[in-house]
Amino acid sequence: MGMRWIRWMHRHGMKQWVVPGAIIASIWVRWAVGMGSYSGYNTPPMYGDYEAQRHWMELTIHLPIRQWYTYDLQYWGLDYPPLTAYVSWLCGFVGSRINPTWFALDSSRGIETPDSAIFMRSTVVALDALIYIPALLMFTRTWQATHSKRTQNFVLLTLLLQPALLLVDFGHFQYNSVMLGFTLLAMNFFAKGQDVLGAIFFVLSLGFKQMALYYAPAIGSYLVGKCIYLGFLSGGRLFIRLGLVTSLTFILLFLPFLPPFAPFPAIFDPITRIFPFNRGLFEDKVANFWCASNVAFKWKHWASPDILVKLSAGLTAIGFLPSVVGLIQGSWKTRLAATHKDAAPPVTPTLPLLPFALLTSSMSFFLFSFQVHEKTILVPLLPITLILSGSSPESSAFAWCVLANNVGVFSMWPLLKRDGLAVPYIATLALWNRLIGYNPRRLQKKSFVQLFSIAVYVACMTLHILELLIAPPSRYPDIFPVLNVLISTPVFVLVWLWSIKCGVETGWALGGLPGSSHAVKANPSDSTTMNHEWKGSGGDQVDGLRRDMSVRAVSLGFSQARRRGSYRPASAGPEVR
Amino acid sequence: MMAQPPHASTSREIYPHEEDSNEWSSRFSWLKWDLTPSEWDILLVSTCIKLLLFPAYRSTDFEVHRNWLAITHSLPLSQWYYDTTSEWTLDYPPFFAYFEKLLSVPAALIDPQIVKLENLNYDTWSVIAYQRTTVILTELVLGAVLVKFIRGAAEPSTQRIISASLFLHPGFLIVDHIHFQYNGFMFGILLWSILMARDGKKLASGVLFAVLLNFKHIYMYLAPAYFVYLLRSFCMSPQGEALPIRFLSLANAVIAIFILSLGPFILMGQLPQLASRLFPFKRGLNHAYWAPNAWALVTAADRVLLRYVRRAGFDIPVNSSGVASTSRGLVGDTVFAVIPNIKPSYTFIITMAFQAIFLVKLWRTPTYKSFLTSLTLCGYVSFMFGWHVHEKAVLLVLVPLSLLAAENHAYFRTFLLASCAGVFSLFPLLFTPAETFVKIVYSAIWAFFVFNPLNRKVYWFPTSLPLVILDFLEKLYLLGFPLLQLFVTIFPLLTHSSFVTRSEPPPCTIPFVCPEPKPIKSLGDLEFLPLMLTSVYCAVGLVWAFLRLSIIYLKEQY
């Protein structure tokens with residue numbers, strides 16, 4: 001549908017209005033989703049995430065910074081990094097200018113007047129419009145630069161209306177789009193070759209929400225890889241610059257908690273709040289490895305929390321290892337010969353690996369790490385949607401990514417249902433699937449991913465219908481959330497494996513990258529058949545930047561279908577579809 | 001629409017069943033799902049939008065309709081028009097009551113509390129979701145008719161835009177899906193009737209209109225045009241000879257419809273009670289919020305004159321009760337201070353006089369297009385000069401006018417002005433801040449995507465100096481809307497009185513229905529300035545569009 005609309009706009013001479021139209025319409029949808037109820041609506045005494053965010057605004061504007069992380073922790077104590085606190089302060093400041101009672105210390109707890117709710121909703125929409133939407137726009141203009149304007153705009157539309165984020169940020173009430181927006185900006189600046197700026201944005205992302213840590217292995221190894229790629233001298237210089245800038249940004253973020261402004265132990269207040277290892281292995285029901293396997297194997301009876309922490313850390317590390325290895329190895333393979341370093345293109349050849357690496361790493365955190373929330377699926381969903389956005393509807397990337405998105409929303413169903421967001425759940429899902437023109441029956445016929453998708457959807461529908469018709473048996477009051485977890489987890493595991501596979505494939509393609517034919521010469525051990533093909537396709541005639549860009553597009557899955565015939569046989573490994 | 005196979009006559013003899021099925025399928029072609037992908041898109045988008053608006057603000061009309069569900073479900077037919085358990089008594093014609101009865105059956109299955117008569121102001125999630133869903137589902141009638149409009153259109157690509165614009169009309173979104181009414185369904189029937197007229201099935205057109213009248217009697221405004229058109233073009237031959245058979249069949253069909261609707265009540269001798277419910281003649285000239293019509297301008301002029309008279313110290317008899325009345329603004333009965341008071345009979349005479357002009361033209365040129373224009377104008381005249389008109393009645397103008405939008409540039413301009421002013425005049429229906437964003441942004445997007453392509457199709461450059469000036473003035477007028485909205489938004493913030501208006505329940509808003517609103521205590525003189533300005537500014541545009549359309553119609557050669 002999105003493409004039809006864009007074509008219609010072009011036909012009627014309104015093509016310059018596609019982007020403003022899409023953005024305004026998507027803001028309207030965001031607002032409309034926000035008309036419904038939110039997390040913890042009308043449920044004293046603790047309410048929910050909405051109240052948490054509002055409470056942080058209240059406490060940041062009334063208390064000195066030192067008390068932010070220590071004040072009445074039992075009632076929604078602040079447990080996000082300082083940037084969240086600063087943004088809360090800003091929102092609270094503006095809000096209390098409009099009406100001080102909305103954020104009066106303590107006495108405003110649980111306030112749910114329509115005016116204050118609208119103010120809170122508008123802060124989410126405003127921050128989203130200021131950070132996330134520009135980041136998306138920039139993404140389409142940098143990462144999708146080789147595609148036509150129409151495709152770029154279609155990508156924008158796809159990303160703008162991603163249902164999971166709409167529901168959690170504007171329905172449930174959170175500010176994830178800020179964190180995701182910063183990460184996306186970091187990716188955009190990496191693509192433009194401005195690594196230092198990108199690193200700053202990634203630190204901001206981390207400073208807003210610690211969940212951005214899920215991306216850290218990928219981003220970190222990408223940057224290290226870039227230094228390797230540039231060679232000893234300029235790479236070393238970049239490494240030092242990155243290190244300095246990153247630590248400086250961190251220091252700036254935590255400045256009020258550091259020695260000149262506070263005694264040294266003060267720094268531990270935010271740190272212990274941000275990383276709560278004293279909570280359980282998982283909370284509620286979440287579609288990850290621990291919760292799913294807990295059905296059969298009661299982890300808490302078998303191991304102490306300490307061991308479980310170590311176990312989960314180990315598994316997570318193994319989970320994201322392929323992405324790290326892929327990035328570093330890719331950089332090593334394509335590293336510039338010393339003589340060519342002056343003519344170094346601004347973009348690293350490993351860039352196409354980045355989205356897959358981000359997906360592998362964040363999904364492995366989601367599946368294996370400690371204390372994961374169901375909402376955290378948003379973190380892997382960002383790279384998933386990015387990969388999806390450029391892929392053609394016949395490709396397996398498209399099939400996998402839409403499946404992951406839909407199941408991601410499905411996995412949050414118990415939460416959304418509790419929040420009273422059942423109707424927006426249906427509406428946003430239907431709208432988005434129609435928008436991107438998704439129909440599981442029209443995927444590649446009889447491919448594994450098609451059959452698997454259909455099976456998953458049938459299971460999801462059945463579960464929804466059962467839940468509607470039957471009350472859960474009193475012996476298993478949680479039967480429906482547990483079944484939800486059991487349906488969602490295999491999908492996430494497969495997506496994680498799929499992302500590793502794609503990373504490996506793209507890594508193989510790097511060896512034959514036409515952008516650095518000298519590098520190919522330096523690595524004669526690489527698979528030569530592939531070099532041949534890439535050269536044969538006329539890669540040598542185009543200039544360096546364009547070639548890099550076309551490879552970048554490859555990583556977003558666009559040429560997966562196109563390339564399959566000639567390229568896939570050369571790549572090692574069986575085809576998992 | 002079924003192409004007759006070449007060997008139809010032979011095949012009938014050999015395969016009688018096939019002919020039957022063919023006939024069957026053509027008779028029931030309404031049921032076929034032959035939608036293009038873009039039509040599915042629009043259906044899906046609009047449904048999703050409406051779903052998202054489930055939790056939005058609801059006016060008292062929501063409770064009105066819930067109460068009617070309860071009345072029709074729990075009381076016998078004889079009690080329907082007598083029940084006064086709730087102040088929102090049943091005052092739509094019987095077909096609507098039957099319709100509510102039909103809706104109350106699933107409602108009782110979903111949640112028996114919905115149809116409990118004593119359960120006043122029941123507003124749990126079940127009833128909200130149920131009633132909102134019924135609005136969406138019944139609006140599919142409108143969607144189906146609009147699709148049929150595309151299928152037989154002379155210019156399908158233009159009609160497609162017009163159909164889409166009607167299905168996604170902000171008027172329906174505001175009045176039906178947020179404020180809560182069933183206009184989409186009713187206008188679906190009206191457009192169905194118009195479609196039948198377009199396709200030459202005039203008997204069906206008349207019957208459908210009779211059905212519509214028994215759903216909601218506000219459509220009586222349009223009846224004169226129907227009467228003249230059907231009499232002239234259906235009951236008379238083009239040469240002017242009477243065709244009594246046709247007349248009788250039409251009359252019988254219409255009478256049958258009315259008997260179906262009113263019959264039970266006639267038998268029970270309840271007709272006077274029904275009439276007193278349907279036509280309560282105890283209202284003021286203007287509704288609480290002045291509908292943007294000619295009287296709004298007159299009332300405004302009275303206020304300005306009053307100021308002027310006071311300042312200049314003229315010795316003119318000033319009606320003192322009028323001073324109090326007009327300075328408050330939000331009062332049911334308008335009493336003028338300076339200008340002589342308007343009586344209901346005056347408005348009636350003015351309305352009839354204007355309608356007569358257009359009906360004469362229609363009598364002389366009984367074509368479909370002429371009918372459509374005079375139909376629009378009949379609705380328009382009633383809206384302009386009627387007694388106690390509601391702002392929502394503007395849909396009666398905007399919907400048929402939309403069908404004319406792409407005739408040529410003059411029609412398009414009229415449509416543009418009337419739609420902008422009309423939709424804007426609906427904004428005060430929704431006064432809560434969250435819905436303010438929804439209505440403004442939605443209407444702006446709609447206007448952009450409807451006006452732009454249509455304008456390109458019919459664009460015409462003004463050729464003489466007066467036309468250039470006119471063009472400029474009209475554009476200036478349209479530019480005023482953003483400024484007016486800005487003023488309306490900011491004014492309450494500046495005067496710090498926004499909380500008062502927000503906490504008040506909305507002024508009564510059902511056509512012909514509500515009791516006059518109680519005077520609101522201790523509100524400042526300027527409290528209603530934004531409302532008045534909105535009303536007057538929109539009235540200027542609508543009056544101008546009315547004059548435009550009248551002149552276009554009277555000058556047009558059919």
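**Legends to close-up views of a predicted model**

**View 1. A:Asp72 in a loop of chain A.** A:Asp72 is partly exposed, with a relative accessible area of 33%, where partly exposed lies between buried (under 20% relative accessible area) and exposed (over 50%), using a 1.4 Å probe and protein chains only. The residue belongs to the loop that runs between α3 (49-62) and α4 (82-98) of chain A, helices being DSSP runs of H or I with at least four residues and strands runs of E with at least two, numbered from the N terminus. Although A:Asp72 is not a glycine, its phi is positive, at about 35°. This is a predicted model, in which local features need pLDDT of at least 70, side-chain atom pairs count only at pLDDT 80 or more, and totals for chains, interfaces and linings use all residues. Residues are numbered from 1 along each chain as its sequence is written, and chains are lettered from A in the order in which they are written.

**View 2. A:Phe173 in helix α7 of chain A.** A:Phe173 is buried, and its relative accessible area is 0%.

**View 3. Helices and contacts in chain B.** Chain B holds 24 helices and 0 strands, and 55% of its 558 residues are buried. Of the contacts in chain B (heavy atoms within 4.5 Å) with a separation of 6 or more, 79% join residues 24 or more positions apart.

Notes
Heavy atoms only, no water.
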